[in-house]
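Look at the picture before going on.

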Amino acid sequence: MQKPSILVARAVFPEVLDKLAQHFTVESNTEDRDWAGDELVQRLKDKAGALTTGGQRIDAPLLAACPQLRIVANMAVGYNNFDLDAMTAAGVQGTNTPDVLTETTADFGFALLMATARRITESEHFLRAGLWTQWRYDMFAGAEVHGSRLGIIGMGRIGQGIARRGAHGFGMEVVYHNRSRLAPQLEVECKARYVTKEELLRTADHVVLVLPYTAESHHTIGAPELALMKPTATLINIARGGIVDDTALALALRERRIAAAGLDVFEGEPQVHPGLLELPNVVLTPHIASATVGTRLAMAHLAADNLIAFFDGCGPLTPVNRPRSE
Ligand code: GLV
């Protein structure tokens, strides 16, 4: 029997490519270039499946040009690069990589919170610039983390992981806001109290964003929300660019209307708002929250296993839609 053809849109671990090659005819992106628009369509139009990394937009025009496509396996938990309605209507299965990255991403959320509150990158730049001789008693005095109030917006698996770290590890008082309240047992485990978004923004010392990007969550944090926050507060975004209005944030940081921000995701990434780049009170990382070797490997295997299970007729392992024709 002929193997189905698949496209692996970005470079991936060789052992995962080897596994895929046992089941599929694989076209892989050995040069690891960012195949934009037309090039992606050209390469995908004769393929039955694809492994994507979240940076490739799968939308109605692409689907119309790729009639043989049956499944796109995202190597990411977020899948806002999918036009899910268009995929479902076209009978194309989408999958993501939940669970395998939860704890690693929660670790990173906490690391970014610590780095931001304690001004770690700013102070490192100072040291590297040979300025340490200018010591002052209040040099790089940051915000307290232990015992402070942690506000989490988006209380899915990763949000809960951050809550546990804050409550159990750092004695923080955890408040959260989410579309729906957690089950009482989970609230107890996370030591987290449900509050309105407004109360969270007004009272939290550290606000961490961990919600999915949708039309509804676009600019969850904009100028009005920033205006509610304490002038001493930090804002951490490990969710998606577009959840924060980066222009409004750059202005609020410049005017010290909030103290600092830690950002792993950006509107229009890999471009970063120039107003953010020039500020000292923001820690910037290039979308690496799930980037440990073990977790990236687990994500790649899960994406590959979704493709294998789907074409074996077992059904995808971690589907994000139910296409009519499946
Ligand atoms: C990363 O941002 C992911 O969605 O896995």
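The dialogue below takes up a strand, a side chain and a ligand.

Q: What kind of model is this, and how are its residues numbered?

A: This is a predicted model, in which local features need pLDDT of at least 70 and side-chain atom pairs count only at pLDDT 80 or more, while totals for chains, interfaces and linings use all residues. Residues are numbered from 1 along each chain as its sequence is written, and side-chain values use heavy atoms, with hydrogens and water left out.

Q: How many residues of strand S6 are buried?

A: Strands (E, at least two residues) and helices (H or I, at least four) are DSSP runs, numbered from the N terminus. Buried means under 20% relative accessible area, exposed means over 50%, and partly exposed lies in between (1.4 Å probe, protein chains only). In S6, residues 149-153, five of the five residues are buried. On one side these are Arg 149, Gly 151 and Ile 153, and on the other Leu 150 and Ile 152.

Q: Which strands pair with S6?

A: Two strands pair if DSSP finds at least two bridges between them. S6 pairs with S7 (residues 173-177) in the parallel sense over five bridges, and Leu 150 stands opposite Val 174 there. S6 also runs parallel to S9 (residues 206-209), joined by four bridges; Gly 151 has Val 207 as its bridge partner in S9.

Q: What do S6, helix H7 and S7 make together?

A: A crossover is right-handed if, with the strands pointing away from the viewer, the path from the first strand over the helix to the second runs clockwise. S6, H7 (residues 157-170) and S7 form a right-handed β-α-β unit.

Q: Is Asn 74 buried or exposed?

A: Asn 74, in strand S4 (residues 71-74), has a relative accessible area of 0%, so it is buried.

Q: What does the side chain of Asn 74 reach?

A: A polar contact is a pair of N or O atoms within 3.5 Å; within protein, one must be able to donate a hydrogen and the other to accept it, and residues adjacent in sequence count only if both atoms are side-chain atoms. The Asn 74 side chain reaches the backbone nitrogen of Gly 54 at 3.3 Å and the backbone oxygen of Gly 78 at 3.0 Å.

Q: Which atoms lie by an oxygen atom of the ligand?

A: A backbone N or O atom of Val 77 lies 2.8 Å from a ligand oxygen atom, and one of Gly 78 lies 2.7 Å from a ligand oxygen atom. For His 287, a polar side-chain atom lies 2.6 Å from an oxygen atom of the ligand.
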